[in-house]
Amino acid sequence: MALETCFQVSTIASTNNRARVLCAHLYNKEKVNLLATCGSKKVSVPSLSLSSQGRRLSRIVCQAKNAVDQVLVATDANWDSLVTASESPVLVEFWAPWCGPCRMIAPVIDELAKEYAGKIVCCKVNTDDCPTIASNYGIRSIPTVLMFKNGEKKDSVIGAVPKSTLEDIIDKYLQV
């Protein structure tokens, strides 16, 4: 699971009031430069500062810890938890590996997942693997993209459409 600009930092004070960084994990695989300082100076990281005044410092976890920027695979087993029980709006693409237009729209769905990370959830359903879900929602042609909000199907788009068409639908349900 990729997270945007998120990391965890643990520190502990040592002798001479120097803070030592014991652990730094950055989930989006960028480098972070952490500077250990003396006295009452601060260890700073973009949008984050830690005091190093000779006491044990607590672990800091980013605010966007649940922001998923990848497209999730929805199946019969996880459909309810990913889509119908989601508090966020959910964009679901119905596709199949043999479908040419599905391969054309896949990068668009990936981009939308990154751009709207933390605001919506993006899922893909392989209609060959999960025909029950497809038939429950009347999917007769692929690719079909459905928009769900509060577990209910709100909108649908059939075919490989431009990114702007999908953005309009997403924006419509983010405002409501």
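Thr-127 is buried, at a relative accessible area of 14% (buried means under 20%, exposed over 50%, partly exposed in between, with a 1.4 Å probe and protein chains only). The model is predicted: local features need pLDDT of at least 70, side-chain atom pairs count only at pLDDT 80 or more, and totals for chains, interfaces and linings use all residues. Residues are numbered from 1 along each chain as its sequence is written, and side-chain values use heavy atoms, with hydrogens and water left out.

Thr-127 sits in the loop between E8 and helix H3 (131-136). Helices (H or I, at least four residues) and strands (E, at least two) are DSSP runs, numbered from the N terminus. Residues up to four places away in sequence aside, Thr-127 touches Phe-94, Trp-95, Ala-96, Ala-134 and Ile-142. Contact here means heavy atoms within 4.5 Å.

Ala-134 belongs to helix H3. Its relative accessibility is 6%, so Ala-134 counts as buried. Beyond four places in sequence, Ala-134 touches Phe-94, Thr-127 and Ile-139. Phe-94 and Ala-134 are 40 residues apart in sequence, yet their C-alpha atoms are 7.4 Å apart in space.

Pro-143 lies in the loop between H3 and strand E9 (144-149). The loop between E9 and strand E10 (152-158) holds Asn-150. Phi of Asn-150 is near 55°, a positive value in a residue other than glycine. Asn-150 is exposed, with a relative accessible area of 57%.

Strand E8 (residues 121-126) contains Lys-124. This lysine counts as buried because its relative accessibility is 16%. Neighbours within four places in sequence are left aside in its contact list.

Ala-106 is placed in helix H2. With 16% relative accessibility, Ala-106 counts as buried. Apart from neighbours within four places in sequence, Ala-106 is in contact with Glu-93 and Lys-124. Trp-95 and Ala-106 are eleven residues apart in sequence, and 8.9 Å separates their C-alpha atoms.

Pro-107 is likewise found in helix H2. Pro-107 is partly exposed, at a relative accessible area of 41%. Its C-alpha atom is separated by 9.7 Å from that of Lys-163, 56 residues apart along the chain.

Helix H2 (residues 100-115) packs with helix H4 (residues 163-175). The angle is about 40°, and the axes are 10 Å apart. Axes are lines fitted to C-alpha atoms, for helices over the stretch in contact, and angles run from 0 to 180 degrees between N-to-C directions. H2 and H4 are therefore oblique to each other (angles under 35 degrees count as roughly parallel, over 145 as roughly antiparallel, 65 to 115 as roughly perpendicular and the rest as oblique). The crossing of H2 and H4 is right-handed. A crossing is right-handed if the near helix is turned clockwise from the far one by less than a right angle, and left-handed if anticlockwise. H2 contributes Ile-105, Val-108, Ile-109, Glu-111, Leu-112 and Glu-115 to the contact. H4 contributes Lys-163, Leu-166, Glu-167 and Ile-170. By class, the contact has six nonpolar, no polar and four charged residues (Ala, Val, Leu, Ile, Met, Phe, Trp, Tyr, Cys and Pro count as nonpolar, Asp, Glu, Lys and Arg as charged, and the others, Gly among them, as polar).

From the N terminus on, the elements run β-β-β-β-β-β-α-β-α-β-α-β-β-α. Buried residues account for 40% of the 176 residues. Among contacts between residues at least 6 apart in sequence, 62% join residues at least 24 apart. The chain exposes about 10,400 Å², and carbon and sulfur atoms supply 49% of this area. Accessible areas come from the Shrake-Rupley method with a 1.4 Å probe; for residues, only the protein chains shown count as cover.
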